[in-house]
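Please keep the sequence and the structure in view while reading.

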Amino acid sequence: MLHLADLQNEKWRKKMALLLLLIICQCTINSVKTHSLSKPNIILLMADDLGIGDLGCYGNRTLRTPNIDRLAVEGVTLTQHIAASPLCTPSRAAFLTGRYPIRSGMAAFSRVGVFLFSASSGGLPSEEITFSKLLKQKGYATALIGKWHLGMNCESRNDFCHHPHSHGFDYFYGLPVTNFRDCKLGQGSVFLKGVQKALVTPIQIIGIALVSLAIAHYIGLLTVPFQALGYFLLIITISLVVLIFFFYHFRHLNCFLMRDHQIIQQPLSYENLTQRLTKEAMQFIGRNTDAPFLLVLSYLHVHTALYASENFKGKSKHGLYGDAVEEMDWSVGQVLDVLKKHNLSEKTLVYFTSDQGAHVEEISSAGEVHGGYNGIYKGGKSTNWEGGIRVPGLLRWPGVVQAGVYIDEPTSNMDIFATIVKLADAQLPSDRIIDGHDLLPLLQGKVTRSRHEFLFHYCNAYLNAVRWHPGNSESVWKVFFFTPNFSPEDSNGCYDSHVCFCHGGFITQHDPPLLFDLSRDPGEKVPLTPETESRFYEILRVVHQAVENHTRSLHAVPNQLSWDNLLWKPWLQLCCSSLFQSCYCDNESGGSPLEVHSG
């Protein structure tokens, strides 16, 4: 027979056992949560020149983007996500480093703000710390597939000082520069118009000088040694021959596909190109199912020259541009499906964006619109109007990031650096300023305000505008110190010059600066005045103080986009055969493309 004391002891033992079980369960749950937040896989998908208004999740009702829209349904949509620059090269430099491009020398003081040639000597400096370097140190497998556009060599054609391998990527499959119209036969030229304009005046000056010298020599006013004249003519002739040779062979010299350090297709073929990039991405994921990985899939879509495979050509309601967008969406779907296949969806943070807004001035020689749609936002690529810098920002991580949530706080593509470095258990560099902030608290709903009180908008190396989101207000003030001169004047872009420029006669300075409240006027239609905004001068005073503080944080660095670093250098030219064989090779043809269903 049980005694009362025995019963009490048994009850006590059961309670202790139950308490111990609860403690073990809680520890297990915490362990799982900690594990899920520690070292997830990272997939960063970046479109090229995609307009924020081109996607269904941002309001488009005619282009079909169900897979990209799936990221919005299953994750967070950032509605005020800002590119650090409205041009490819500086925006991508900021994305990789988490720093304004002016800090790394990746912002130009000249008219040209991006790399144009594979044999330029400028590029992302080796001293810069990219998120890929930090994640690689933490045991991540790292790959960049697609467009690079951040330089290749410095002093010799095989030093690869700016190559993706030198910036933390184990594997590279893609283009060293970008996708130009000149890369695709029959698509016209980005350079021809500019070269013609640039050469007219020098040729006229040289012609007038030669005629004047000949006349002066003939009438005896000046004795010109024929030998000197001969050397001068020889130099001019050689220069013209080199120029003609370069632009005649531009496609071979600048449009080629690499795997790691090896050229595998020169010139680039557009046949099944998106399928090939997608297949490489899927294979990389398949090779790394048991270890954390970082994949940057940098699409060529929708930069011109536009292209689409046969399965997508003519299928959209928006011509070749729409076909390209829908093919890219198919590719995103393939990546999401392979994650699901390997049970990696819950272990992977997926991010989708564009390097800047749509290039509204892109019109084909046949008059077809080849640029995208920036929705209600003014301007486009190359400008700091909202249409040039407000880009898609979609983040999905099931079980960790909120699903189906829209966040209208100012965020930046520089924030990805701090976000994924922290997730990889790496340390942010302490020897330099990091301008981006960790997005995870915002994405999880733990905070409701962005940490960006100010964002500085550069047009090349010139501070163009400042965004201020006061902590005690819903207003987002935007101050412009200068704006581009649109041409034609009543248009939405710089159609006469193909892109807008940042200085001289291409801009209008404003004193006092233009002021907008983006919370009330996101289309930047009506500048505020002292009469319409009582705090006009107070807002300008705060912004000017922020500019002073920001400027003091900048330090002089070598300009990677100087004319010397931009120009084509024959001794840096990569060539899979020889210049005399027109740099031709094709080790890609004959591969099995992915099976495609356009839907």
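## Disulfides

The structure, which is a predicted model, holds 6 disulfides. With bonded cysteines counted along the chain, the pairing pattern is 1-2, 3-4, 5-8, 6-7, 9-11, 10-12.

One of the disulfides joins C154 and C161, with sulfur atoms 1.8 Å apart. The torsion about its S-S bond is about 95 degrees, so this disulfide is right-handed. C154 is partly exposed, at 28% relative accessible area, whereas C161 is buried, at 17%.

C183 and C255 are also bonded, and their sulfur atoms lie 2.0 Å apart. Here the S-S torsion is -70 degrees and the link is left-handed. C183 sits in the loop between β4 (171-175) and α6 (192-219), and C255 in the loop between α8 (250-254) and β5 (257-259), so the pair ties together parts that are 72 residues apart in sequence. C183 is buried, with a relative accessible area of 1%, and C255 is buried, with 0%.

In the disulfide of C494 and C500, the sulfur atoms are 2.0 Å apart. This link is right-handed, with 95 degrees about the S-S bond. C494 is buried at 3% relative accessibility, and C500 is buried at 5%.

## Nonpolar cores

The largest nonpolar core contains 121 residues, and L44, F131, L294 and F352 have the most contacts inside it. Helix α10 (residues 319-341) supplies the largest share of this core, 11 residues.

Leaving aside residues up to four places away in sequence, F352 touches several residues, including L45, I68, M328, V332 and P392. A second, separate core has 27 residues, among them Y458, V479, F481 and L528.

Note on methods:
Residues numbered from 1 in each chain as written. Predicted model: local features only at pLDDT ≥ 70, side-chain atom pairs only at ≥ 80, totals over all residues. Heavy atoms only, no water. Core = buried A, V, L, I, M, F, W, Y, C linked by side-chain atoms within 4.5 Å. Buried < 20%, exposed > 50% of the residue type's maximum accessible area, 1.4 Å probe, protein only. Helix = DSSP H or I, 4+ residues; strand = E, 2+ residues; numbered from the N terminus. Contact = heavy atoms within 4.5 Å. Disulfide = S-S within 2.5 Å.
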